[in-house]
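Thanks for coming, everyone. I would like to walk you through one structure this morning, so please have the display open as I talk.

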Amino acid sequence: MPCVLISLKMRKFASSFLSFASNGIIPRSVPSSYIHSLECFISAKQEFLSQVDPSTRRDLAIIYDYQQKYVSALLRQLPPGTVYPATSHFTSIHPPTSIKMLPIRQGPFLLQPEPRLLEGSEEEAATDIAYLSFGSDDDDEGEGSPIKHLGIVTIAYQDGRVDLFLDVDKVEARWNLKGVGWSPETTSGR
Amino acid sequence: MLAVYETIDLGLFSALQSDGCPDLLQANYPVFFLDPIHDDTLYVYHAFGVHALQIGSVLQHLAVALQGVNDDAAFEGALQTPVGTSVHSLLTTFSVERKCVDSVNTFLRDVDETLQVV
């Protein structure tokens with residue numbers, strides 16, 4: 001669900017391919033339930049954090065505060081009277097102007113184990129990436145299914161190779177906050 | 001971290017290599033198209049046609065493995081019998097005789113080159 005803030009990008013680096021992520025890039029139009037779900041998710045994370053000692057995870061608390069601010073700003077863009085749970089409507093949104101912090105580039109993400117290469121192939125450029133998720137909010141059928149929260153990332157290459165990855169460690173929105181020390185180096189190896 | 005589950009070979013490289021024209025891959029830019037109805041199906045459009053990838057069986061397999069985490073025998077069984085994506089070739093636009101492709105990609109590239117000449 002937090003992937004509404006996420007856009008995966010790729011960049012060629014030497015002979016291998018690296019995936020990066022950055023938040024702050026959002027679709028022009030999303031179902032209103034998406035933003036409500038995002039708010040619930042962040043509130044749940046904050047509540048969980050408050051149950052453990054918040055002072056030990058001050059870095060996380062600051063990140064969650066920012067996520068909360070971001071989603072609150074998105075909520076204010078919904079038409080008046082949109083309450084949850086209500087019938088979800090597609091609503092046009094734009095990145096909040098009240099958030100001045102720059103989103104941080106996350107990655108490169110480690111591919112493990114190393115994907116196999118086609119023997120003899122020299123056309124190894126990646127050409128497209130797709131993210132698949134399963135079980136929408138309107139679909140109660142998948143409730144309780146262990147794959148409901150599983151994301152799958154696929155990457156296509158010029159030589160006709162397609163890699164299929166499991167997104168086991170979900171990417172979350174992060175900003176370049178002074179004094180917190182979040183940087184690609186500290187987030188990539190998680 | 002992204003957990004690598006599977007590497008799928010659409011067979012383009014081996015087919016072109018056996019036909020002696022692997023250079024055609026240089027104009028190959030595969031793109032994904034997600035099925036609007038079935039969320040376990042995606043299509044790969046490439047210079048030589050279209051492939052459909054169905055990952056439903058992979059998902060079912062993963063669900064069984066995840067549910068079996070507390071059941072050693074089921075978990076072990078799921079790990080020992082990996083299930084792969086089912087891959088179907090929907091459309092082939094490659095001509096072996098002419099050693100060329102009649103695809104949208106090639107067409108667009110030709111149009112582009114023509115426009116540059118003009």
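L90(B) is found in strand 5 of chain B, residues 86–92, where strands are DSSP runs of E with at least two residues and helices are runs of H or I with at least four, numbered from the N terminus. This is a predicted model, in which local features need pLDDT of at least 70 and side-chain atom pairs count only at pLDDT 80 or more, while totals for chains, interfaces and linings use all residues. Residues are numbered from 1 along each chain as its sequence is written, and chains are lettered from A and ligands numbered from 1 in the order in which they are written.

Is L90(B) buried or exposed? L90(B) is exposed, because 11 other C-beta atoms lie within 10 Å; a residue counts as exposed at 12 or fewer, as buried at 20 or more and as partly exposed in between, with C-beta atoms placed from the backbone. Leaving aside residues up to four places away in sequence, L90(B) touches V50(B), H51(B) and A52(B), contact being C-beta atoms, placed from the backbone, within 7 Å. The C-alpha atoms of L90(B) and Y43(B) are separated by 9.2 Å, although these residues are 47 apart along the chain.

Stepping back to the chain, chain B has 4 helices and 7 strands, which follow the pattern β-α-β-β-β-α-α-β-β-β-α along the sequence. Of the 118 residues in chain B, 22% are buried.

Let me turn to a helix pair. The axes of helix 2 (residues 56–67) and helix 3 (residues 72–80) of chain B come within 8 Å and cross at roughly 150°, the axes being lines fitted to C-alpha atoms over the stretch in contact, with angles from 0 to 180 degrees between N-to-C directions. That makes helix 2 of chain B roughly antiparallel to helix 3 of chain B, since angles over 145 degrees count as roughly antiparallel, those under 35 as roughly parallel, 65 to 115 as roughly perpendicular and the rest as oblique. The contact is made by H61(B), V64(B) and A65(B) of helix 2 and by A74(B), F75(B), A78(B) and L79(B) of helix 3.

Finally, the two chains: their contact takes 36 residues from chain A and 33 residues from chain B. On the side of chain A that touches chain B, the largest share, 7 residues, comes from strand 9 of chain A. Strand 9 of chain A also pairs with strand 1 (residues 2–9) of chain B in the antiparallel sense over 6 bridges, pairing requiring at least two bridges found by DSSP. Within that pairing, T7(B) is the bridge partner of D163(A).
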